[in-house]
Amino acid sequence: MTNLGAEKMKSAIIFHSYSGITRGVAEKLSQILGSEMIEIMPEQDYSRLMVYPKGCYRAMKGLCDPVRPERIDVSDFDVVMIASPVWAGKPTPAINGAIEGLIGCTEKPAAVIVTCRSAESGTEALAPLVTRLKAKGLNVQKTAVFDKYRSRDDTAIRQLAADIKVMMGEV
C-alpha cells in the first residue's frame, strides 16, 4: 500500500550508449519509472575505426574517458541507475569517467544495468562497475544484464522497473 500523502521518489538513470541499445533500455525504464535521464558523452568520440581497438583496450584496462557532464550531483535523487554497454567484457571508459564525476552518493540505493552481446560478458562487466560505484558510496541493490535478446524484451525491462520500484518503496 502506498502513502497517498508521500512525495513521489525521484530517480535518475545515468547512461552511456554507443550504438543506441543502452539508450533504448534507458528510455524504456525512464518512461516506466518517470526517471530523469542523464546521457554521458565522451569529450572525444571514438571513430568507427577506433572504437574497437582503442575503446575496447581502454575498457579492458578500466580507464576513464573525460566526459560531459563532468560532474553529476545525485544528492537530490532517491535512487540512481547506471547503465553501460559492455566493451571487451568491461564497462565503457565513458561510464567509468561518469562514475568518477559522481557526487552526493553516500548510501544512495543504486541499480546497475549492462547491455551486451552475450550474458557471459555482461556478468563479467558487473563486478568492476559495482566495485567503482561502492567506492563512490552508492549502495548497489540491483544488477541486470541485458544481452542482445533481453535488451529488446519489454517484459524483462518492465520486470527490472518493477524491481526498482520496490527499491524506491513504491510497492
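Asp-163 counts as partly exposed, at 24% relative accessibility. (Buried means under 20% relative accessible area, exposed over 50%, and partly exposed in between, using a 1.4 Å probe and protein chains only.) Keep in mind that this is a predicted model, where local features need pLDDT of at least 70, side-chain atom pairs count only at pLDDT 80 or more, and totals for chains, interfaces and linings use all residues. Residues are numbered from 1 along each chain as its sequence is written, and side-chain values use heavy atoms, with hydrogens and water left out.

So what does Asp-163 pair up with? Asp-163 makes a salt bridge with Lys-142, with the closest N and O atoms 3.1 Å apart. Asp-163 sits in helix α5 and Lys-142 in strand β10 (residues 139-146), so this pair ties together parts that are 21 residues apart in sequence. Lys-142 is partly exposed too, at 25% relative accessibility. A salt bridge here is a side-chain nitrogen of Lys or Arg within 4 Å of a carboxyl oxygen of Asp or Glu. Helices (H or I, at least four residues) and strands (E, at least two) are DSSP runs, numbered from the N terminus.

## Bridges across the chain

How many salt bridges does the structure hold? There are seven. One of them joins Lys-8 to Glu-170, whose closest N and O atoms are 3.7 Å apart. Lys-8 is in the segment before β1 (11-15) and Glu-170 in the segment after α5 (154-167), so the pair ties together parts 162 residues apart in sequence. Lys-8 is exposed, with a relative accessible area of 53%, while Glu-170 is partly exposed at 24%.

Asp-154 and Lys-28 form another salt bridge, this time with the closest N and O atoms 3.0 Å apart. This pair links distant parts of the chain: Asp-154 belongs to helix α5 and Lys-28 to helix α1 (residues 21-33), 126 residues apart. Asp-154 is partly exposed at 36% relative accessible area, and Lys-28 is partly exposed at 30%.

## Inside the fold

In soluble globular proteins, nonpolar side chains tend to be buried together. A nonpolar core here is a set of buried Ala, Val, Leu, Ile, Met, Phe, Trp, Tyr and Cys residues joined through side-chain atoms within 4.5 Å. The largest one has 29 residues, and those with the most contacts inside it include Ile-14, Val-74 and Leu-102. Elements that each supply at least two residues of this core include β1, α3 and β10, but α4 gives the most, with five. Apart from this core lies another, of 20 residues, among them Ile-13, Leu-29, Val-79 and Ile-164.

Leu-102 is worth a look: setting aside residues up to four places away in sequence, Leu-102 touches Ile-14, Ile-72, Val-74, Ile-82, Leu-133, Lys-136 and Leu-138. (Contact means heavy atoms within 4.5 Å.) Helix α3 (residues 93-100) is mostly covered, with seven of its eight residues buried. Among those buried residues are Pro-93, Asn-96 and Ile-99.

## Out at the surface

Which residue sits in the loop between β10 and α5? Arg-152 has its place there, and Arg-152 is exposed, with a relative accessible area of 59%. The C-alpha atoms of Arg-152 and Pro-109 are separated by 26 Å, with the two residues 43 apart along the chain.
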